[in-house]
Amino acid sequence: MTQQDKRRSPTRLAPLPTGDSTDRLELVRLLHVLCAPLRDPMARRPYPSVADNVAAIDQGPSQWRTWAIFLVAQLKQAELAPNELKATTLLLLYYVACDATLAPTLVLEGLVPCLVDAIVRVHLSLAGAIEHVEVASAPCHPLHLEVAVDALRYSMHALVLDLHARGHVDALLPLGPMSLAYVLASSPIPRDEVDECLLRRPQPPAPSIFACAGEDHATTDGVEDTLASLIAQSSLFQHHLAVRTLVVLVRNITSKSHSFERRRLLDDGALQALVLAAALPSSNNPPNVPPDELRWLQAVVQQPSQSVVATLLSLSFVSAMAANGLADVPSEELGRVVRHQAAALLHAQGAATDMLHRRLLHDPTFPAAPRAHVLLSRLCAQRATAPLRPCSPSKQRVHANKALHKRRSGAPSCACPRLPAHDILAVARRAEDVAQSVVTSYLVVRDGLSPFVDFRAWAMAQPSVVVREKRRQLRTDAAANADRIRRAKYEADDAAVAREMPLMAAEDKPPESETERRGRLKRQREELRQWQATRAAENASRVQRLLQEKAEARERESMARADVRWRPLREATLEDPLVAEEERVRQLRRQLRETKLQQAADRAMRAEDHLSRLHRSHLRALETQRVASERAAEANARRQMRAEENERRLAWRAIAEKEMDDALAAKLAARKQQRADERRHRRRLLYPDKYSDWTKVPDGTSGRFYYQHRITGATQWETPEWHETPAPSWELATDANGTVYYINATTGESVWDLPPSSWTECTGDDGVIYFYNPLTGDSSWTRPT
């Protein structure tokens, strides 16, 4: 592995040790990291997602990839309990799957088989022995499954009701990460900003034992807390999250053509699981829904905002989500999956495994396998004979890939009134920003209040929205009443003028001439000039009077001060004015010197404080740098140790494999040589004349045959001994299991039982009995032992 590959390989976290407390603490920590934008009043988006807090975390993408691997490993643990921990893991994996860059990691780590097993298990528990099921029809519009607004979040209350009324239930989650974090931490869910403020910074205890404890308002346990706890432990919520996550993965992965992750997703049975989740029983066969799930839903859901949860957890909505995910798969890919599964079911004889996703693909005896194949085949047939979207405005049949590209490009696919996703996000962002700003203001006010003041009582005493609205309405009514009175007065004046105008026109004098007009204007100007002169004289007299009053007041003040300062002087205490002036100057100089010294001391103290602050800042920077360098060194050491361990493991493995190969080669060579020797020995026994040094030569004189040795040249008429055949020797041996057997040292033959003697009793031409050994060619008149 190169150094670049080592840097790219993510750090894999080991699964947590079995234990409820350890799992709970780790998952709560990840939820807090995910909900970091909700703590920031200036967050970009109102709901948490991986893309929002990547910038807030060091090495954000790689860190989330590591957490994704860790969460998949946690989900694979069979002993993961209780149910809310599994629901939390599924919720975190859903948010990771919404990021297109992290979705392939989840597929390669094996998340899809876990989701398929969960969906198939729920389908078997709900469908039971039902045989006739139908695939729910996909909506004519794409669902906003990547938008997840918490249905129990107090700041989203109005938005949840509005989305439920408009039919945008797909943009909601039954239980969001913030609410689920409160459930795992055993804290009540905040119902308003005051509750969240008190949960972030609890009310301090009263400092005095005489402080009267008021009414206990700190507990907010109610329907929301019970509903959130039941949702976290519900199997319907897990089924909702599993289907939602699988649909998001199918959307993000199937868009990549000819990718390894796409083939892995389809081979793990994603489409079969979606078609089973989208399957609803026919009207004649109602589903076998667990009664406990419906009982607590009917008992807890009592308000319109809580009825949204029942809608989100219903089987019909989950089926609509699954059908919408199947609609994103091209028809060619769907047909290819159907053909592959048909071939696998035809040639398979049953799968001896407990993994449901393997049985779903290869086990024809598994009830869900043929059902999924039939439903997929039916869906392919429907696509071949009907358009992809039934209520699309277009009347022409659209190709599946083109329709999918058109949907993802943002073009409208139907005439249904749908809000865009960015509008929903904008409203939710505004609501959450306002709520977090109010919480931040409450925290500031909480710090400024006295410990004796109950913050909840203080907040309840403040004018509520209704009171403020009532006051505003009163002010608006008062302004409207004044405006109405003013308009009535104007209307009365206009009516009076309208009544007087005819009378004035009847009794009016004839129009004046130019000379009269000029005289009238001259008189008016003269009257104005006289009025101005009179007004100026009055103002001047008023100013003179004010000046005199002010001078008299100053004189009285000076006289009063002189009376206060006057003391009868004694003749003996009279001092020289020059001496007194010198003393005053000395005092002034002393005060000035003391003032300068004090200022210099203050400046020195401030400089010393500044230097100490700089020194502390420098020490903190050095400590931070040291800690960072130590952490980097530890990380490098750990990486080096892991690399060396991997290299040693690979080297030892290669050495072991080479030793095994060498031992096997030596064993094969020895066995081959042994077999060659055995074959050569058998040929010598069967054809002794061919391997002997004696040659049979005809005699030209007598016509007889004599024998000649090829090496020595000796000749003789008697038949020579062709070879010396050793007597067979059987040796006792034991195999690896301890079983005793016999092996022939001459021929290499091995038998389980000791064979009888090889001597045979024969009768000669003269009737005499002798014994002959065909293996060695020896003969004897007596029976050998």
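Serine 186 is placed in the loop between helix 10 and helix 11 (193-200); helices here (H or I, at least four residues) and strands (E, at least two) are DSSP runs, numbered from the N terminus. This is a predicted model, in which local features need pLDDT of at least 70 and side-chain atom pairs count only at pLDDT 80 or more, while totals for chains, interfaces and linings use all residues. Residues are numbered from 1 along each chain as its sequence is written, and side-chain values use heavy atoms, with hydrogens and water left out.

Serine 186 counts as exposed because its relative accessibility is 68%; exposed means over 50% relative accessible area, buried under 20%, and partly exposed in between (1.4 Å probe, protein chains only).

Helix 10 itself is mostly covered, with 8 of its 8 residues buried. They are Pro177, Met178, Ser179, Leu180, Ala181, Tyr182, Val183 and Leu184. Serine 179 lies in this helix, which spans residues 177-184, and counts as buried because its relative accessibility is 2%. Leaving aside residues up to four places away in sequence, serine 179 touches Asp150, Leu152, Arg153 and Ile189, where contact means heavy atoms within 4.5 Å.

The protein as a whole has 28 helices and 13 strands. Buried residues make up 32% of its 785 residues. Among contacts between residues at least 6 apart in sequence, 69% join residues at least 24 apart.

Two individual residues illustrate links across the sequence. Leucine 85 lies in helix 6 (residues 83-97) and is buried, because its relative accessible area is 0%. The C-alpha atom of leucine 85 is separated by 7.6 Å from that of leucine 27, and the two residues are 58 residues apart along the chain. Alanine 277 lies in helix 15 (residues 270-277); at 7% relative accessibility, alanine 277 counts as buried. Its C-alpha atom and that of alanine 320, 43 residues apart along the chain, are separated by 8.9 Å. Not counting residues up to four places away in sequence, alanine 277 touches Ile119, His239, Val243, Ser319 and Ala322.

The next topic is helix packing. Two packed helices are described by the angle between their axes and the distance between the axes. Helix 13 (residues 235-254) and helix 14 (residues 260-267) pack at an angle of about 145 degrees, with their axes 9 Å apart. Axes are lines fitted to C-alpha atoms, for helices over the stretch in contact, and angles run from 0 to 180 degrees between N-to-C directions. Helix 13 passes helix 14 in a left-handed crossing, meaning that the near helix is turned anticlockwise from the far one by less than a right angle. On the helix 13 side, Leu249, Val250, Ile253 and Thr254 meet Glu261, Arg262 and Leu265 of helix 14.

Helix 21 (residues 368-385) has 18 residues and reaches 26 Å from its first C-alpha to its last, close to the 26 Å expected at 1.5 Å a residue; the expected span is 1.5 Å times one less than the number of residues. Its buried residues are Ala368, Ala369, Arg371, Ala372, His373, Leu375, Leu376, Leu379 and Arg383. An α-helix has 3.6 residues a turn, so residues three or four places apart point the same way.

Rings come next. The structure holds 5 aromatic pairs, counted when rings of Phe, Tyr and Trp (its six-membered ring) have centres within 6.5 Å; planes under 30 degrees apart count as stacked, over 60 as edge-to-face and the rest as tilted. The rings of tyrosine 442 and phenylalanine 455 form an edge-to-face pair, because their centres are 5.6 Å apart and their planes are at 80 degrees. Tyrosine 442 lies in helix 23 (residues 421-448) and phenylalanine 455 in helix 24 (residues 455-461), so the pair ties together parts that are 13 residues apart in sequence. Tyrosine 442 is partly exposed, with a relative accessible area of 22%, whereas phenylalanine 455 counts as buried at 0% relative accessibility. Ring pairs link Tyr442, Phe455 and Trp458 into a cluster.

Charged side chains also sit over rings. The charged end of lysine 696 sits over the ring of phenylalanine 705, 4.7 Å from its centre; this requires NZ of Lys or CZ of Arg within 6 Å of the ring centre and within 35 degrees of the ring normal. The charged end of arginine 704 sits over the ring of tryptophan 717, 4.6 Å from its centre.
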